[in-house]
Amino acid sequence: MARPWLPLALLGLAAGLCGAAPVERHTVFWNSSNPRFLSDYTVEVHLNDYLDIICPHYEEGSADPRAMERYTLYLVELEEFQSCKPRSKEQIRWECNKPSALHGPEKFSEKFQRFTPFTLGKEFKEGHSYYYISKPIHHHGEACLKLKVMVTAKGTQAPPVPAATQKGRIQADDAAAHVLRSVGQNSAMRGSSPFTFISFLLPLLVPQGL
């Protein structure tokens, strides 16, 4: 059965995808040598942006395994963020516990989306702030790393200020850092290019029998 409206509908969908706002990725190196954790560390994102958490990583033989930083990260409410004390284990988001992995640093990603089809996914709202804290696994001290993420409206985000990488230590924030492999992420699906989707539409748009 002929459907003359189908090519126009598919073209309209493809055009909408091409005109979608670009998705940004915000990288945070989660370790005590990152100087941005010394003050109020805040990241501003838009809906559908990603937050990439890069765990501590050490080259073979560069540090005593007992001293390698390992953390449990929590997504908490403001009160727990201020006291740096999670309420329960249900707030655990990720665990950075492979500091000497051969394939490179562990990486976890959070997508700030309004709706999620996944039962374990987190839904985020524009104009709200979200709070991450960590507790060290490598020792029993009270050291706490904290991050505030603000979901802002389009056009209100200030340009990011890169932080210098401390030489001789694990990395601080560096937008040009090369992550060898992503070994962990939350349940949110990663964004894909609209051009990939268009490539699937083209066979449907070309008249059959040519």
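User: How many disulfides does the count come to?
Analyst: The model is predicted, and a disulfide here is a pair of cysteine sulfur atoms within 2.5 Å. Cys55 and Cys96 form one, with sulfur atoms 2.0 Å apart. Cys84 and Cys144 form another, at 1.3 Å. By this rule the count of disulfides comes to 2.

User: With the bonded cysteines numbered in sequence order, what is the pairing?
Analyst: Cys55 forms a disulfide with Cys96. Cys84 forms a disulfide with Cys144. Numbered in sequence order, the bonded cysteines have the pairing 1-3, 2-4.

User: Is the link of Cys55 and Cys96 left-handed or right-handed?
Analyst: Cys55 is in the loop between strand 3 and strand 4, while Cys96 is in strand 5, 41 residues apart. Both of these cysteines, Cys55 and Cys96, are buried. The angle about the S-S bond is -60°, and the link of Cys55 and Cys96 is left-handed.

User: Does Cys144 count as buried, partly exposed or exposed?
Analyst: Buried means under 20% relative accessible area and exposed means over 50%, with partly exposed in between. Its disulfide partner Cys84 has 8% relative accessibility and counts as buried. Cys144 has 25% relative accessibility, so Cys144 counts as partly exposed.

User: Why is strand 6 largely enclosed by the rest of the structure?
Analyst: Lys107, Ser109 and Lys111 point one way from strand 6, Phe108 and Glu110 point the other way, and all are buried. Strand 6 is largely enclosed because the number of its residues that are buried is 5 of the 5.

User: In strand 6, which residue is the bridge partner of Leu51?
Analyst: Strand 3 and strand 6 run antiparallel and are joined by 5 bridges. In strand 6, the bridge partner of Leu51 is Glu110.

User: Is the pair of Trp94 and Tyr132 stacked, tilted or edge-to-face?
Analyst: Trp94 lies in strand 5 and Tyr132 in strand 7, so the pair ties together parts 38 residues apart in sequence. Planes under 30 degrees apart count as stacked. The ring centres of Trp94 and Tyr132 are 5.9 Å apart and the planes are at 5°, so the pair is stacked.

User: The charged end of which residue sits over the ring of Phe81?
Analyst: Phe81 also forms a tilted aromatic pair with Tyr131, at 4.8 Å centre to centre and 40° between the planes. The charged end over the ring of Phe81 is 4.7 Å from the ring centre, and it belongs to Lys146.

Methods
Residues are numbered from 1 along each chain as its sequence is written. This is a predicted model: local features need pLDDT of at least 70, side-chain atom pairs count only at pLDDT 80 or more; totals for chains, interfaces and linings use all residues. Side-chain values use heavy atoms; hydrogens and water are left out. Buried means under 20% relative accessible area, exposed over 50%, partly exposed in between (1.4 Å probe, protein chains only). Helices (H or I, at least four residues) and strands (E, at least two) are DSSP runs, numbered from the N terminus. Two strands pair if DSSP finds at least two bridges between them. Rings of Phe, Tyr and Trp (its six-membered ring) pair if their centres lie within 6.5 Å; planes under 30 degrees apart count as stacked, over 60 as edge-to-face and the rest as tilted. A charge sits over a ring if NZ of Lys or CZ of Arg is within 6 Å of the ring centre and within 35 degrees of the ring normal.
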